[in-house]
Amino acid sequence: DVQGVESFRRAALRDPALARAMTTVFIVVDRERLIARMRSRAKDNEHEIAGRMKTAERELQEAHKFDFQIESRTRDEDFAALLAIVEQARARAAAR
């Protein structure tokens, strides 16, 4: 979540080891798919879904601040993309 990442970034300013190890990932989900996922969980009413969507749209504006972005597809494809990012981040950290 955007606020959590911001918290880690502030901590990384005080901790060089954290700064070297930290990598941020933003998972982009298209609007229709996100709404469908929320509805399929059947935990939120339409008013709550609308509120969550407002938050998601605000957070999407912050995506460019992250080191990597994943265009969400299936769970397996997202996981494979995340594993690739982990490898890239390890290589980047080793090079520092």
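Residues are numbered from 1 along each chain as its sequence is written, and side-chain values rest on heavy atoms, with hydrogens and water left out. Since the model is predicted, local features need pLDDT of at least 70 and side-chain atom pairs count only at pLDDT 80 or more, while totals for chains, interfaces and linings use all residues.

To start with the open space, the largest pocket holds about 670 Å³. A pocket here is an open set of points on a 1 Å grid over the protein atoms alone, where a 1.4 Å probe fits, with protein on both sides within 12 Å along at least five of seven lines; lining residues have an atom within 4 Å of a point. Grid points are joined across faces, edges and corners, and the volume is the space filled by probe spheres set on the points. The lining of the largest pocket counts 22 residues, and the closest to the centre are Ile 27, Val 29, Leu 34, Ala 56 and Glu 59. Helix 1 (2–14), strand 1 (25–28), helix 3 (31–41) and helix 4 (46–60) are the elements that each give two or more residues to this lining. Helices (H or I, at least four residues) and strands (E, at least two) are DSSP runs, numbered from the N terminus. Helix 4 supplies the largest share of the lining, with seven residues. Sorted by class, the lining has 13 nonpolar residues, eight charged ones and one polar one. For this sorting, Ala, Val, Leu, Ile, Met, Phe, Trp, Tyr, Cys and Pro are nonpolar, Asp, Glu, Lys and Arg are charged, and the others, Gly among them, are polar.

On the surface, Phe 79, Leu 82, Leu 83 and Val 86 make up a nonpolar patch with about 330 Å² of accessible area together. Patches take residues with over 30% relative accessible area and no salt bridge; nonpolar side chains (Val, Leu, Ile, Met, Phe, Trp, Tyr) are joined within 5 Å, and like charges within 9 Å. Areas come from the Shrake-Rupley method with a 1.4 Å probe, and for residues only the protein chains shown count as cover. Val 86 sits in helix 5 (residues 75–95). With a relative accessible area of 32%, Val 86 is partly exposed; buried means under 20%, exposed over 50%, and partly exposed in between (1.4 Å probe, protein chains only).

Next come the charged pairs. Seven salt bridges turn up in the structure, each being a side-chain nitrogen of Lys or Arg within 4 Å of a carboxyl oxygen of Asp or Glu. In one of them, the side chains of Arg 31 and Glu 57 meet at 3.0 Å, N to O. Because Arg 31 lies in helix 3 and Glu 57 in helix 4, this pair ties together parts that are 26 residues apart in sequence. Both ends are partly exposed, Arg 31 at 43% relative accessible area and Glu 57 at 36%.

Another salt bridge joins Asp 67 and Arg 92 (3.7 Å, N to O). This pair also links distant parts of the chain, with Asp 67 in the loop between helix 4 and strand 2 (68–71) and Arg 92 in helix 5, 25 residues apart. Asp 67 is partly exposed at 38%, and Arg 92 is partly exposed at 30%.

Arg 90 counts as exposed at 54% relative accessibility, whereas Glu 87 counts as partly exposed at 48%.

Val 5, in helix 1, is buried, with a relative accessible area of 14%. Its C-alpha atom is 7.2 Å from that of Thr 24, 19 residues apart along the chain. Asp 30 falls in the loop between strand 1 and helix 3 and is partly exposed at 39%. Val 25, in strand 1, is partly exposed at 28%; Val 25 and Asn 45 are 20 residues apart in sequence and 29 Å apart in space, C-alpha to C-alpha. Finally, Ala 42 lies in the loop between helix 3 and helix 4 and has a phi near 55°, a positive value in a residue other than glycine. Ala 42 counts as exposed, at 66% relative accessibility.
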